[in-house]
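Have the viewer open and follow along.

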Amino acid sequence: MNFYIKSFSCRFRKLKKSKQIFFNKYFNFFNINYKNKLINFNKIFNNQLPIVIDIGFGIDNNIINIVMNNIKYNFIGIEVYLPGIIKCLKKIIKYKIKNLKLIYYDVFFVLKNMIPNCSIKIIQLFFPDPWPKVKHQKRRLLKKNFLKIIYSKLTDNGILYIVTDCNNYKKDIISNIEDLNKSCFFFKKSNCYKNIYENFDLISLNTNFFNKAKKENKIIYHIEYKKIKLFK
Ligand SMILES: C[S@@+](CC[C@H](N)C(=O)[O-])C[C@H]1O[C@@H](n2cnc3c(N)ncnc32)[C@H](O)[C@@H]1O
């Protein structure tokens with residue numbers, strides 16, 4: 001796969017043995033192991049509620065607050081940062097949360113290999129790693145190829161929702177989406193990602209990176225696109 005570049009660098013101190021044991025004991029039981037096989041959401045959640053994917057939820061309580069306040073949705077949290085996964089897993093067990101499943105793996109492969117096409121109502125990314133230095137920008141996740149994959153996973157009228165405090169990344173994302181919209185090859189001449197301005201009740205943002213940006217008085221950009229079907 002020549003366009004894949006790792007979008008993260010996982011640096012964390014070696015886990016305490018007790019945490020590793022906790023992870024080994026409970027992760028598989030409550031969550032989803034990476035497999036090169038499509039997920040059957042009905043089977044996993046035992047219902048047909050719409051699915052929301054949170055990419056890179058980090059290590060705060062934001063995802064837990066959202067899932068507990070939105071029981072009419074099922075959530076998939078995808079993260080490669082093990083301390084974040086373990087913290088979230090503890091909350092899933094403590095609060096007996098049924099509408100959230102975690103996947104501990106690179107989202108690029110999870111979306112590509114595990115998520116059925118046209119199955120996701122909302123895909124959200126809060127403060128994706130901005131890789132601000134020019135020489136690192138190639139590591140940004142939201143490049144055209146990945147935005148194409150996201151598009152294919154959204155349902156009709158599904159929403160891609162991104163929040164960032166990096167102006168340069170925001171511009172980059174918008175220009176990538178606009179380029180995709182222009183591309184006859186992929187979108188068959190249609191403008192399929194439509195820019196929207198909606199305030200989701202679903203989201204009351206309170207992530208670590210959001211709070212850090214607010215403290216530093218940074219501008220926070222909300223990027224919202226809807227998958228619009230122009231062809232029957
Ligand atoms: C800047 S942090 C933002 C964390 C949190 N959403 C917040 O707003 O505080 C970006 C997160 O994305 C995760 N991440 C980056 N690339 C990823 C990938 N390819 N697959 C899954 N998670 C990824 C990182 O591990 C990190 O936790």
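By class, the second largest pocket is lined by 7 nonpolar, 4 polar and 4 charged residues. Keep in mind that this is a predicted model. The space in this second largest pocket comes to about 380 Å³. It has 15 lining residues, and those closest to its centre are Ile32, Asn33, Lys35, Ile39 and Ile44. Two elements, α1 (17–30) and α2 (41–45), each give two or more residues to that lining, with α1 contributing the largest share at 3 residues.

Now hop over to the largest pocket, with a volume of about 770 Å³. Here 34 residues form the lining, and Gly56, Gly58, Glu79, Tyr81 and Asp129 are the closest to the centre. Among the elements that supply two or more lining residues are the strands β1 (51–55), β2 (74–79) and β4 (120–126), and the helices α3 (62–69) and α9 (208–215) also belong to that group. Sorted by class, the lining has 20 nonpolar, 7 polar and 7 charged residues.

So where does the ligand sit? It's in the largest pocket. The ligand is surrounded by 18 residues, with Ser7, Gly56, Glu79, Phe126 and Thr207 the closest. This shell splits into 9 nonpolar, 5 polar and 4 charged residues.

A polar side-chain atom of Ser7 is 2.8 Å from a ligand nitrogen, and one from Asp106 is 2.9 Å from a ligand nitrogen. Phe126 uses its backbone instead, with an N or O atom 2.8 Å from a nitrogen of the ligand. On its own the ligand has 590 Å² of accessible area, and the protein covers 92% of that.

Methods: Residues numbered from 1 in each chain as written. Predicted model: local features only at pLDDT ≥ 70, side-chain atom pairs only at ≥ 80, totals over all residues. Heavy atoms only, no water. Near = heavy atom within 4 Å. Polar contact = N/O pair within 3.5 Å; in protein donor to acceptor, adjacent residues only side chain to side chain. Areas by Shrake-Rupley, 256 points an atom, 1.4 Å probe, with all protein chains shown as cover. 1 Å grid on protein atoms, 1.4 Å probe; cavity = no way out; pocket = protein on both sides within 12 Å on 5 of 7 lines; lining within 4 Å. Sits in = over half its atoms within 2 Å of the grid points. Nonpolar A, V, L, I, M, F, W, Y, C, P; charged D, E, K, R; others polar. Points joined across faces, edges and corners; volume = space filled by probe spheres on them. Helix = DSSP H or I, 4+ residues; strand = E, 2+ residues; numbered from the N terminus.
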